[in-house]
Amino acid sequence: ASATADATSNSFIDVAFYDTRPRPDVISMRRAAALCNVSTAVRFHALLRYPMVLRDFRVTLLQLPPRAQCLYDGMRRISHGPGPQYLYKPLLHWVLPRDVKRLILLDTDVVMVRDVRELHAEFRAFGTAVLGVGNEQSNLYGKGGAGKNGGVQLLDLEGMRREPLYDAVLDRVASGTDGRRIGYLGDQTLYSYIAMDYPFLMHRLPCEWNRQISMHFGFRNETVHSCPRRCGILHANFGPFKCVAKLLQAS
């Protein structure tokens, strides 16, 4: 989600939902969006592969210019399973119009518990960073929870457009130069690599802004799963728990 200026001004906070399926889950988008629409003006975006008219959303098709398409194709080759469908997310600075300068990108299985302005305020802590994501709250990426989770993303699109190193990092991965695969988790594995190799490009979102309720990659996760601060966003990050998000969104 993005704002053209600071969240305390009269400008928009831009919040986007992303769905690559021929029949996107519009109901979940609307329910998740309803929890963001507070006193600040929020401009909602639907990022889709297939055209449709969606009332109260700015629809942007996931169409890449040639250079970005080349990056996507390279990353897709070293991904598998559902991974490729998520790999448009790191390239949204090529997709969204330039009046969208900062973006909060949310999965539809999240529940906004606190004011979206508080989340948007994390942009102030970016410094040299161009994107912000929280840590994976399980041992999916090995002991210690060093990996990233892509369910809630703060994207400084203007910063990505200005910073040539960001696309260069994507190219290094996409070309296979660094020898690593992205695998089936797509963007969040890519972000885990960026956080490891180029930490100055990455802002670590505090744990309360992506509170993952599933510990499905092993229950001995107390250290990485704990979060001492009041929940900001609840994330139903595993299939059997999706109904929890839907029930909370509806109530």
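His-93 touches Leu-157, Met-160, Arg-161, Tyr-166 and Asp-167, leaving aside residues up to four places away in sequence. Keep in mind that this is a predicted model. His-93 sits in the loop between α3 (83–86) and β5 (102–106). Is His-93 buried or exposed? Its relative accessibility is 6%, and the cut-off for buried is under 20%, so His-93 counts as buried.

| Side-chain pair | Polar contact distance |
|---|---|
| His-93 and Asp-167 | 2.9 Å |
| His-93 and Trp-94 | 3.1 Å |

Now for a residue in another loop. Leu-35 is found between α1 (26–34) and β3 (42–48). With a relative accessible area of 28%, Leu-35 is partly exposed, because that value falls between the 20% and 50% cut-offs. What does Leu-35 touch, not counting residues up to four places away in sequence? The answer is Val-111, Met-112 and Gln-249.

On to a sheet. Three strands line up in the order β6-β11-β10, making an open sheet with mixed pairing. The edges belong to β6 (110–112) and β10 (211–212); each has a single partner strand, so one side of each has no neighbour in the sheet. Strands of a sheet pair through backbone hydrogen bonds, in either a parallel or an antiparallel way. For β10 and β11 (residues 233–235), the sense is parallel, and the pairing runs over two bridges. If you want to find the spot in the structure, look for Arg-211, whose bridge partner in β11 is Leu-234.

Last up is the largest pocket, with a volume of about 830 Å³. Lining it are 33 residues, and the closest to its centre are Tyr-86, Asp-107, Asp-109, His-235 and Lys-242. Which elements each supply at least two residues of this lining? They are β2 (13–19), α3, β8 (148–156), α7 (187–197) and α9 (242–250). By residue type, the lining splits into nine nonpolar, 14 polar and 10 charged.

How values were computed
Residues numbered from 1 in each chain as written. Predicted model: local features only at pLDDT ≥ 70, side-chain atom pairs only at ≥ 80, totals over all residues. Heavy atoms only, no water. Pairing = 2+ DSSP bridges. Helix = DSSP H or I, 4+ residues; strand = E, 2+ residues; numbered from the N terminus. Buried < 20%, exposed > 50% of the residue type's maximum accessible area, 1.4 Å probe, protein only. Polar contact = N/O pair within 3.5 Å; in protein donor to acceptor, adjacent residues only side chain to side chain. Contact = heavy atoms within 4.5 Å. 1 Å grid on protein atoms, 1.4 Å probe; cavity = no way out; pocket = protein on both sides within 12 Å on 5 of 7 lines; lining within 4 Å. Points joined across faces, edges and corners; volume = space filled by probe spheres on them. Nonpolar A, V, L, I, M, F, W, Y, C, P; charged D, E, K, R; others polar.
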